[in-house]
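User: I would like to go through this model with you, beginning with the ligand site. Could you bring it up?

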Amino acid sequence: MLSNSLNQERPAQKAGFFELAPAKINLALHVVGQRADGYHLLETIVTFADKGDRLHFAPAEADSFHVSGRFGHLLHPTDATQNLVLRARDRLRQALQDAGHEAPPVALHLEKNLPIAAGIGGGSADAAAAIRGLLRLWNAELVEAVLATLALSLGADVPMCLKGEPLLARGIGEEMTPLPMLPSLPVVLGNPLVGVSTPEIFRRLPNKNNDPIGALDGDWMDVLHRLRNDLEPPARLLVPEVEQLSAEIKAEGALLTRMSGSGATCFGIFRNAEAAEHAAANLAAKRPDWYFQAAQTVGA
Ligand code: C5P
């Protein structure tokens, strides 16, 4: 386990430091088309929780990678082709070395607190945290465009996870507009611990509605009620637990419930932090085999 005495306040050089890899939440997600290569064009309102995985960085004699946390056993820690943290490390190192910058060995430790294949970033959030932390550890910078291309090459959601702030994303997620007016929201995240394959959900999408998100003015809750997640219907067919999960979060007093990304994580927005904490505790007591987490999203 990681020691709590190691934190971000310490100097990077000796003791190491943590980066939070926040859970990504798609508050709304509309599919508006498809590219020639098969990727779907989206419009999505994204925000980030104050809870997530934690990635620890320390200088070392040789590269290493360890995983702990509730969902750590589900990862392939040594497979650089499968693990996005290692892929991010290797590609960033290559990009820096190509630019004549050193990128010495690093000991990485991932505390995997978020469920896997869950629609809340997970691997993408970890990859973004790896990029942020390694740039800090190696005291390096990359020009914005190079960084953006590198992030996108790791996955469609990595660029938005690198931003880590409320935004509207278009394209496959790479065209981003900040939404500084989006308020901080008390939420509960829930997952039935059934992994969902993102390509599978996109394959099962019945029709492309081509219905853009439209104007984002007025009361945020009204806006969010008007919008949807187009990936929710196929996910509900593939994972019947999504319907029950959503209903149970709603029954705890959520003002709105929705699925995030390609699922199966659903979130509820609550009146205040206390109500969210209370709901998460009730839900966890009722379904100890599922994942529940109260959180506050970033924002004004
Ligand atoms: O880029 P990422 O690894 O997140 O995407 C996984 C898969 O999900 C893609 O290979 C593609 O089949 C599907 N996808 C899609 N449209 C998107 C994002 C992902 O069809 N915008």
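User: Which elements each supply at least two residues of the shell around the ligand?
Analyst: This is a predicted model. In it, β2 and α5 (198-203) each supply at least two residues of that shell. The most comes from α5, with three residues.

User: And which residues are around the ligand?
Analyst: They are Gly38, Tyr39, His40, Leu42, Gly155, Ala156, Asp157, Ile172, Thr198, Pro199 and Phe202.

User: How do the residues of the shell divide into nonpolar, polar and charged?
Analyst: Six are nonpolar, four are polar and one is charged.

User: Which domains does the shell draw on?
Analyst: At least three residues come from each of domain 1 (17-177) and domain 2 (180-296).

User: Changing topic: what should helix α1 span, and what is the distance between its end C-alpha atoms?
Analyst: Helix α1 has 15 residues (84-98), so at 1.5 Å a residue it should span 21 Å. Its end C-alpha atoms are 21 Å apart, which agrees.

User: Which of its residues are buried, and what covers them?
Analyst: The buried residues of α1 are Leu84, Val85, Leu86, Arg87, Ala88, Arg89, Leu92 and Arg93. Their cover includes β2 (40-59), β3 (64-68), β4 (106-111), α2 (123-137) and α3 (144-154).

User: What follows α1?
Analyst: Gly100 follows α1, and its phi is positive, near 80 degrees.

User: Lastly, what does UniProt place at residues 218-286?
Analyst: The unreviewed UniProt entry places the feature "domain: GHMP kinase C-terminal" there. Over residues 218-286 the chain is 57% helix and 12% strand, with the end C-alpha atoms 36 Å apart.

How values were computed: Residues are numbered from 1 along each chain as its sequence is written. This is a predicted model: local features need pLDDT of at least 70, side-chain atom pairs count only at pLDDT 80 or more; totals for chains, interfaces and linings use all residues. Helices (H or I, at least four residues) and strands (E, at least two) are DSSP runs, numbered from the N terminus. The expected span of a helix is 1.5 Å times one less than its number of residues. A residue is buried if 20 or more other C-beta atoms lie within 10 Å of its own, exposed if 12 or fewer, and partly exposed in between; C-beta atoms are placed from the backbone. Two residues are in contact if their C-beta atoms, placed from the backbone, lie within 7 Å. A residue is near a molecule or strand if its C-beta atom, placed from the backbone, lies within 6 Å of it. Ala, Val, Leu, Ile, Met, Phe, Trp, Tyr, Cys and Pro count as nonpolar, Asp, Glu, Lys and Arg as charged, and the others, Gly among them, as polar. Domain bounds come from an automatic or database domain assignment. UniProt positions are given in the numbering used here, feature names are shortened, and annotations may be inferred rather than shown by experiment.
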